[in-house]
Amino acid sequence: MSIRRFESSARMSQAVVANGVVYLAGQVADDTTADVEGQTRQVLAEIDRLLALVGTDKRRILSANIYLADIGDFAAMNRAWEAWVASDAKPARATIEAKLAAPKYRVEVQVTALAGEASSATPADVLETIMLRSSATKLVEPAPDRAQLETLLRAAVRAPDHGRLAPWRFAVLQGEARARLGEAMAEVLRQRTPDVAAEVLDGERRKALRAPVVIAVAVSPQPLPKIPEVEQIAAVAAGIENLILAAHALGFGSMWKTGPAAYNPIVNRALGFEPTDRILGFVYLGTAVTRAPVRAAEIDAVTRWL
Ligand SMILES: Cc1cc2nc3c(=O)[nH]c(=O)nc-3n(C[C@H](O)[C@H](O)[C@H](O)COP(=O)(O)O)c2cc1C
């Protein structure tokens, strides 16, 4: 059984998922100038965000512990709580008065919830990894080390590959090497917008530094009548998803990005790809500080059962 930790800091994780159960850290308000009702509303909104992050929601909360700095605030806290709690899915709850971490905090709430259908219904870790993946919106060190990066690349080349052509090409950019991509991205921008301001160019250069590791992935298509280019592109796209899922399975975050730089020969040259290679993505990798909420796996509108 795997244990998944989300938004981990030096001290703690904001959410931990194990065995189909989601444990959230105690939440306090950001804006502590608010009264207890306002603080409670903020706390409950943060709980909604964290539950969405791990693919569940407030209707699956099992229990809640509420800590009030002053039990005299019980009624005010309850106004915010009752406006928020799902009317058909109220959790077991306890409220006690307690000294909180700082006097500015009036209320702290900790909840335990059932994970979303996908993660609780499927015992296999691979399905859980697929269903709980979402893009990282901020990536920092630690990044996968050399051995882990090799594992990710091996996972990529295990994707289905019509004709076993091995159409994928990778450029792994770590540390200073990322500047090469940044410089090329700035050059592409300058080419597209010749009078672009220096600060904007600097911003473009810094984009390549947004994660500790960037893997540029390209397809090197061969002109074969039996295996059209679209199939070779599909194989490499499947390889990118394999790489991303392997990163998540190892506890790292990722973001697949493209943009005009992906389709410009300047970048091919800078990263050592052939002129005929086509970059399909820059995979940003590292430890996820923040992630996009897990999207609902909606199939009805896009599926016909024949
Ligand atoms: C081929 C491809 C190119 C993408 N390029 C970008 C990009 O340049 N910038 C971006 O913000 N998202 C880009 N995305 C989308 C994100 O990687 C992400 O998958 C999407 O926002 C959905 O969020 P999720 O991954 O959390 O489900 C791209 C996705 C694909 C498949």
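Is Ile240 buried or exposed, and how many C-beta neighbours lie inside 10 Å? Ile240 counts as buried, because 20 C-beta neighbours lie inside 10 Å. A residue is buried if 20 or more other C-beta atoms lie within 10 Å of its own, exposed if 12 or fewer, and partly exposed in between, with C-beta atoms placed from the backbone. The model is predicted: local features need pLDDT of at least 70, side-chain atom pairs count only at pLDDT 80 or more, and totals for chains, interfaces and linings use all residues. Residues are numbered from 1 along each chain as its sequence is written.

The chain has 306 residues, of which 34% count as buried. Its C-alpha atoms fill a box of roughly 75 × 55 × 35 Å along the principal axes. Nine helices and eleven strands are present. Here helices (H or I, at least four residues) and strands (E, at least two) are DSSP runs, numbered from the N terminus. The chain is divided into domain 1 (3-121) and domain 2 (135-291), with bounds from an automatic or database domain assignment. The domain centres, taken over C-alpha atoms, are separated by 38 Å. Contacts require C-beta atoms, placed from the backbone, within 7 Å. Of the contacts with a separation of 6 or more, 78% join residues 24 or more positions apart.

The largest nonpolar core has 45 residues. Such a core is a set of buried Ala, Val, Leu, Ile, Met, Phe, Trp, Tyr and Cys residues joined through C-beta atoms within 7 Å. Residues with the most contacts inside this core include Leu181, Val214 and Val217. Among the elements giving two or more residues to it are β7 (136-140), α5 (146-156), β9 (213-219), α8 (229-249) and β11 (278-291). A second, separate core has 29 residues, including Leu51, Ala80, Trp81 and Val109. In soluble globular proteins, nonpolar side chains tend to be buried together.

Ile240 lies in helix α8. The 21 residues of α8 should span 30 Å at 1.5 Å a residue, and its end C-alpha atoms are 30 Å apart, which agrees. The expected span is 1.5 Å times one less than the number of residues. Buried residues of α8 include Val236, Gly239, Ile240, Leu243 and Ala247. An α-helix has 3.6 residues a turn, so residues three or four places apart point the same way. The cover over the buried residues of α8 includes α5, β8, β9, β10 (253-257) and β11. Beyond four places in sequence, Ile240 is in contact with Ala156, Val217, Trp256, Leu280, Gly281 and Val283. Ala156 is 84 residues away along the chain, yet its C-alpha atom is separated from that of Ile240 by 5.9 Å. Just after α8, Gly251 takes a positive phi of about 95 degrees.

Glu141 lies in the loop between β7 and α5. This residue is exposed, with 9 other C-beta atoms within 10 Å. Glu141 is in contact with Pro212, Gly286 and Thr287, leaving aside neighbours within four places in sequence.

Strand pairing requires at least two DSSP bridges. Strand β4 (residues 61-68) pairs with strand β6 (residues 107-114) in the antiparallel sense over seven bridges. With strand β5 (residues 92-97), β4 pairs in the parallel sense over six bridges. Asn65 has Gln110 as its bridge partner in β6 and stands opposite Ala94 in β5.

Note on methods:
Contact = placed C-beta atoms within 7 Å.
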